[in-house]
Amino acid sequence: MTDDRLAALERRLQRLEDEREIVQLLTTYGPLVDSGCADEVAAIWTEDGVYDNDVIVMTGREEIRAMVRSASHQGFIAGGCAHFNGPVSVRVDGDTAIAVTHSLMVLHEDGAFRVNRATANHWQLRRTDEGWRATVRTGRLLDGAELAHALLRTGALGQLPPG
């Protein structure tokens, strides 16, 4: 095998490994947040990472931990909830990446399950010493508003979200 072909193969393998690590990272959010693992949820983000879900903007791991530990979130867990995050579409560019996902928050109420939220998510990620971590997660309700559709579209195209 020539040096050029070997180098190309190594680049392809690295991209695939990066994409796989990012998919694994983002799909752990639901099981971790549903089981109240505040430290592990916060570790999905960089120390100064931002989680903007249109209800609240959390900056830094401590604010994300506090959300998981909050009475509101603990009430969801106690009543029964499931967060689904995926499928994940990832575009890696060196040490940064953009991913898009849909997410559903399902709550157990009155003996039945119902979808409480359906959200478009745009993730910005960076390779760190800890591995891939989210720097910004922007989520918007899929309620017909253009911003939610723009988040999905720009992420699928590997672009940053509008404004």
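The questions and answers below set computed values against their definitions.

This is a predicted model, in which local features need pLDDT of at least 70, side-chain atom pairs count only at pLDDT 80 or more, and totals for chains, interfaces and linings use all residues. Residues are numbered from 1 along each chain as its sequence is written, and side-chain values use heavy atoms, with hydrogens and water left out.

Q: Why does the radius of gyration of the chain agree with that of a compact globule?
A: The radius is taken over C-alpha atoms, and the globule rule is 2.2 Å times the number of residues to the power 0.38. For 163 residues the rule gives a value near 15 Å, and the chain has 17 Å, which agrees. The C-alpha trace spans about 65 × 35 × 30 Å along its principal axes.

Q: Why is Gly158 called partly exposed?
A: Buried means under 20% relative accessible area, exposed over 50%, and partly exposed in between, with a 1.4 Å probe and protein chains only. Gly158 has 30% relative accessibility and therefore counts as partly exposed. Gly158 lies in the segment after H6 and has a positive phi, near 75 degrees. Its contacts (heavy atoms within 4.5 Å) include Arg91 and Ile98, leaving out residues up to four places away in sequence.

Q: What makes a set of residues a nonpolar core, and which members touch the most others in the largest one?
A: A nonpolar core consists of buried Ala, Val, Leu, Ile, Met, Phe, Trp, Tyr and Cys residues joined through side-chain atoms within 4.5 Å. The largest has 23 residues, of which Leu26, Tyr29, Trp45, Trp123 and Leu125 touch the most other members. Among the elements that each supply at least two residues of this core are helix H1 (3-27) and strand E6 (112-128). Beyond its neighbours within four places in sequence, Trp45 has contacts that include Tyr29, Ile64 and Trp123.

Q: Which residues of helix H6 are buried, and what do they pack against?
A: In H6 (residues 146-156), the buried residues are Ala148, Ala150, Leu151, Leu152, Thr154 and Gly155. These pack against strand E4 (89-93), E5, E6 and E7. In the chain, buried residues make up 39% of the 163 residues.

Terms used:
Helices (H or I, at least four residues) and strands (E, at least two) are DSSP runs, numbered from the N terminus.
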